[in-house]
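I opened a new notebook page for this protein. My entries record what I looked up, in order.

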Amino acid sequence: MTPAARNAGAIGILDHWLGGQPLEAAYQGWARGARYAGSSDRAAVRDLIYDAARRRRSYAALGGSETGRGLVIGALRAAGIPTSDVFSGQGHAPPPLSQEELDLRRTPGRAEALDLPDWLIAPFEAALGPETEQVLHLFRDRAQTHLRINGRNGDRDQVIARLAEAGVVARPHPTVDTAVIVDEGGRRLPRSGVIDAGLAELQDAASQRIVAWLCRDAPGRVLDYCSGAGGKALAFADMTGAEVVAHDIAPARMADLPARAARAGVAIATCATADLPRLKPFDLVFCDAPCSGSGTWRRDPEAKWRLTPERLRGFAETQAEVLETATGLVAEGGSLAYATCSVLREENEVRVEAFLRDTPGWRLADSLRITPTEASDGFFVAVFRRV
Ligand SMILES: C[S@@+](CC[C@H](N)C(=O)[O-])C[C@H]1O[C@@H](n2cnc3c(N)ncnc32)[C@H](O)[C@@H]1O
């Protein structure tokens with residue numbers, strides 16, 4: 001496919017997305033019909049649509065409309081590429097710009113230029129202060145790919161060498177001991193076999209860092225109460241060497257966890273909610289609570305546009321419920337850890353204050369806040385102990 005034809009494909013996908021279809025589903029729909037597209041075409045179209053999703057507002061302003069066509073025009077203008085290079089009308093290229101489209105271009109305002117909904121500027125400034133613009137600019141770019149080395153099965157240098165054999169360029173993360181940064185050739189990761197062999201797992205460095213932080217004093221018996229697919233449960237099991245119990249209100253999310261634990265050589269017992277009274281108490285109950293994901297918007301740009309004040313309030317209610325239930329699962333002298341992959345105070349510091357106010361008998365022992373400028377995702381974790 002020519003670059004212009006790839007952009008034409010992106011326009012169609014983005015129109016489906018802007019019409020309400022999830023971006024990945026819109027991409028898959030296109031990919032099924034695009035038999036002519038090779039793997040590098042597909043990767044290029046994917047990059048175009050995810051870049052446009054991250055920069056939806058600024059591209060719409062520069063391109064003159066919030067349509068697939070407008071976003072692609074905006075992307076070209078942002079990159080200083082003449083629109084006529086793509087919009088030529090030749091072959092599979094999209095039709096040339098109309099006079100109206102040529103005139104519609106405008107300079108983005110502040111929230112548009114930062115690619116954020118207007119209402120979120122104030123909460124971000126409250127949370128990040130002078131770092132706000134830097135973080136929001138980071139969210140406009142692709143996230144790095146990080147791996148976590150399974151310490152039981154391999155070491156970092158060995159994994160980096162094996163990746164190199166498959167044409168994947170990787171290097172140690174500068175501050176997170178267990179993490180590897182993939183610089184080039186990420187699409188060849190499956191071919192390297194490091195994940196299938198249990199040598200490594202895909203996991204952002206910030207997630208690895210919070211688990212290591214919680215493991216710095218042997219945490220004892222751990223319950224990962226909101227385990228989801230279990231990335232952090234696996235990290236806990238690897239870092240502690242002990243069996244970890246994983247739970248999620250939606251057990252289907254843990255479906256692959258036993259196989260992933262087996263290949264990593266760690267012990268994880270998945271459990272249902274009904275099993276918890278029999279299995280409690282735990283020395284550490286870790287609650288990786290449902291949240292806006294506002295620290296991860298590089299990787300999940302759609303979440304940025306989906307978030308509303310009502311949804312944020314909904315997350316706060318679930319977070320309070322999760323914490324309240326989890327208190328009953330912690331052993332005497334044990335710890336309750338509350339984490340979000342959000343940078344917003346409403347889901348972090350404000351939640352901590354509300355918990356301490358509403359739940360007598362608990363104190364804040366420690367907390368850690370990671371901004372996306374430090375690792376990759378933004379994260380927050382607070383540790384509570386009984387008074
Ligand atoms: C942020 S995700 C967890 C991500 C996961 N820890 C990881 O490392 O990939 C939050 C999880 O909490 C689960 N959840 C939501 N409400 C819950 C509840 N009341 N009790 C337990 N889990 C809950 C969701 O199903 C979801 O999988």
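The entries below cover the model, the domains, the ligand shell and a sheet.

Model. I am working with a predicted model, in which local features need pLDDT of at least 70, side-chain atom pairs count only at pLDDT 80 or more, and totals for chains, interfaces and linings use all residues. Residues are numbered from 1 along each chain as its sequence is written.

Domains. I noted domain 1 (3-113), domain 2 (145-202) and domain 3 (213-386), with bounds from an automatic or database domain assignment. The C-alpha centres of domain 1 and domain 2 are 33 Å apart.

Ligand. I looked up the 16 residues around the ligand, of which C226, G228, G231, I249 and D288 come nearest; a residue counts if its C-beta atom, placed from the backbone, lies within 6 Å. The shell holds 7 nonpolar, 4 polar and 5 charged residues (Ala, Val, Leu, Ile, Met, Phe, Trp, Tyr, Cys and Pro are nonpolar, Asp, Glu, Lys and Arg charged, the others, Gly among them, polar). Helix 13 (231-240) and helix 17 (309-327) each supply at least two shell residues. Helix 17 gives the most, with 3 residues. Helices (H or I, at least four residues) and strands (E, at least two) are DSSP runs, numbered from the N terminus.

I traced an open sheet of 7 strands in the order 7-6-5-8-9-11-10, with mixed pairing; two strands pair if DSSP finds at least two bridges between them. Its edge strands, strand 7 (268-271) and strand 10 (362-370), each pair on one side only. Strand 9 (residues 330-340) runs antiparallel to strand 11 (residues 379-386) over 6 bridges. I also looked up S335, whose bridge partner in strand 11 is R385.
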